[in-house]
Amino acid sequence: MILLAKLQKRLLRKFNSKTSKKEMMEMQLGSSLMMGGAKQGTPNPWLFEKLEESRGLGFDGIRQQQQKIIQRQDAGLDALSSVISRQKQVGREIGNELDEQNEMTDDLANLVEKTDEKLCTSTSRVRSLVDRKSASCGMMMVI
């Protein structure tokens, strides 16, 4: 906790000339909120780790940098959203195509079933005709 307090004072001195009193109060409140859950002797990474890009920047510079990052993320999310929308559209088109194919397959299956019934009927007629012809042929041979 002592190390955090020293860091906070050092940060306040550093930004004292660059920040308004309101910003300093927000910074004090933010750092106290970040320290609230930390146990004594446990460093808070939010206060110690600083990215190379943000070194030497004031609050306005960091805020601008964050806005740029947010804009890039928004652009990435917009691109992702358009890709997902396209995938949704393609999925729906595939689903519609499958529905049409299923209808065509059902129609074909019905036609095949009707044709099979006709073929069975014709086969039984031919078989009965052949049986009659062979019986009459045998009678002719006997005579």
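Visitor: What is the relative accessibility of Asp60, and what does Asp60 count as?

Guide: Happy to. Asp60 has 46% relative accessibility, so Asp60 counts as partly exposed, a class that lies between buried (under 20% relative accessible area) and exposed (over 50%), with a 1.4 Å probe and protein chains only. Keep in mind that this is a predicted model, where local features need pLDDT of at least 70 and side-chain atom pairs count only at pLDDT 80 or more, while totals for chains, interfaces and linings use all residues. Residues are numbered from 1 along each chain as its sequence is written, and side-chain values use heavy atoms, leaving out hydrogens and water.

Asp60 has a partner: Asp60 and Arg63 form a salt bridge, with 3.2 Å between the closest N and O atoms. That term means a side-chain nitrogen of Lys or Arg within 4 Å of a carboxyl oxygen of Asp or Glu. Searching the whole structure gives 1 salt bridge. Arg63 is partly exposed too, because its relative accessibility is 41%. Both residues sit in helix H4, 3 residues apart, or about one turn of the helix.

Let's follow that helix. H4 covers residues 59-142, and the protein chain has 4 helices and 0 strands (DSSP runs numbered from the N terminus: H or I of at least four residues for helices, E of at least two for strands).

Leu80 also lies in H4 and is partly exposed at 46% relative accessibility. Together with Leu77 and Ile84, Leu80 makes a nonpolar surface patch of about 300 Å² accessible area (Shrake-Rupley, 1.4 Å probe, only the protein chains shown as cover for residues). Patch residues have over 30% relative accessible area and no salt bridge; nonpolar side chains (Val, Leu, Ile, Met, Phe, Trp, Tyr) are joined within 5 Å and like charges within 9 Å.

Another H4 residue, Glu97, is partly exposed at 40% relative accessible area. Glu97 belongs to a negative surface patch with Asp99, Glu100, Glu103, Asp106 and Asp107. Asp and Glu count as negative, Lys and Arg as positive, with His and chain ends not counted; charges are placed at CG of Asp, CD of Glu, NZ of Lys or CZ of Arg.

Stepping back, 11% of the protein chain's 143 residues count as buried. The chain exposes about 12,600 Å², with 59% supplied by carbon and sulfur atoms.
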